[in-house]
Amino acid sequence: MLANLSDRFYKWTKGWLIIVLFILDAFFGGFLLPLIQGMLQDGKGGVMPLDLMLFAPPEKIFGMIERYGEFNRPFYRNVELTVDIIYPIVYLFFFGLLISWLFQRGFASSSPMRKYNIMPLGAWFFDLFENIVIVILLSVFPSQPTAFAWILMLLTTVKWLFAGASILLILTGLVMAIKNKFRIQI
């Protein structure tokens with residue numbers, strides 16, 4: 001199944017599509033998500049989305065949920081159910097197709113490296129489960145189910161590990177594509 005997904009990413013790889021996905025990713029990451037985070041802060045400093053809190057123990061998670069206040073908890077829940085469902089799909093395809101495009105230029109078609117173009121699937125998968133747990137935590141507050149907070153910390157960490165690995169693969173693909181283009185010996 002994963003090999004089939006990898007092959008599909010290579011088939012879907014088009015320069016114009018990567019540019020469109022880059023623009024969408026930049027819109028979400030550079031405009032929409034910072035705007036939402038600013039609205040979430042509501043004039044209070046130090047308020048941040050739960051999915052950006054790495055290694056946050058339950059008490060810190062529940063403290064942040066309390067700081068959101070009565071208005072921002074449902075607002076954040078709605079963001080998780082809309083914007084934060086769409087954005088992971090955008091970055092999944094942007095990163096996956098960009099890695100595929102670079103690997104087509106940087107590695108031989110028989111290279112085992114080429115199968116790693118699906119790494120962004122891991123970030124997407126764990127991001128979706130992270131969103132579900134965040135929605136649960138926001139919905140049941142003031143109840144504080146500690147197990148869900150620990151699960152959230154684990155999902156957030158694994159999501160960011162996959163995202164970081166995807167960025168490393170992009171950089172690797174870029175170096176190899178440049179090396180092949182200019183026949184640089186590295």
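I took helices (H or I, at least four residues) and strands (E, at least two) as DSSP runs, numbered from the N terminus.

**Entry: basis.** The model is predicted, so I noted that local features need pLDDT of at least 70 and side-chain atom pairs count only at pLDDT 80 or more, while totals for chains, interfaces and linings use all residues. Residues are numbered from 1 along each chain as its sequence is written, and side-chain values use heavy atoms, with hydrogens and water left out.

**Entry: overall layout.** I found six helices and zero strands in the protein chain. Along the sequence the pattern reads α-α-α-α-α-α. The C-alpha atoms fill a box of roughly 60 × 30 × 30 Å along the principal axes. For burial I used these classes: buried is under 20% relative accessible area, exposed is over 50%, and partly exposed is in between (1.4 Å probe, protein chains only). Of the 186 residues, 42% count as buried.

**Entry: Leu 97.** I placed Leu 97 in helix H4. Leu 97 is buried, because its relative accessible area is 1%. Its C-alpha atom is separated by 9.7 Å from that of Ser 6, 91 residues apart along the chain.

**Entry: salt bridges.** I required a side-chain nitrogen of Lys or Arg within 4 Å of a carboxyl oxygen of Asp or Glu. The count by this rule is two salt bridges. Glu 70 and Arg 73 form one of them, at 2.4 Å from N to O. Both residues lie in helix H3, three residues apart, about one turn of the helix. Glu 70 is exposed at 66%, whereas Arg 73 is buried at 7%. I also looked up Lys 159 and Glu 130, whose closest N and O atoms are 3.0 Å apart in a salt bridge. This pair links distant parts of the chain, with Lys 159 in helix H6 and Glu 130 in helix H5, 29 residues apart. Lys 159 counts as buried because its relative accessible area is 5%; Glu 130 is buried at 0%.

**Entry: largest pocket.** I worked on a 1 Å grid over the protein atoms alone, where a pocket is an open set of points at which a 1.4 Å probe fits, with protein on both sides within 12 Å along at least five of seven lines; lining residues have an atom within 4 Å of a point. The largest pocket has a volume of about 470 Å³. Its lining has 22 residues, and the closest to the centre are Leu 33, Asp 51, Leu 52, Tyr 87 and Trp 160. H2 (15-41), H3 (58-81), H4 (83-106) and H6 each supply at least two lining residues. H2 gives the most, with seven.

**Entry: Trp 160.** Trp 160 lies in helix H6. I list Trp 160 as partly exposed, because its relative accessibility is 37%. Trp 160 and Gly 122 are 38 residues apart in sequence and 9.5 Å apart in space, C-alpha to C-alpha.

**Entry: backbone exceptions.** Most residues other than glycine have a negative phi, and most peptide bonds are trans. I noted that phi of Phe 55 is near 55 degrees, a positive value in a residue other than glycine. Phe 55 sits in the loop between H2 and H3 and is exposed at 58% relative accessibility. The peptide bond from Phe 141 to Pro 142 is cis, with omega near 25 degrees. Pro 142 is in the loop between helix H5 (119-140) and H6.

Conventions
Points joined across faces, edges and corners; volume = space filled by probe spheres on them.
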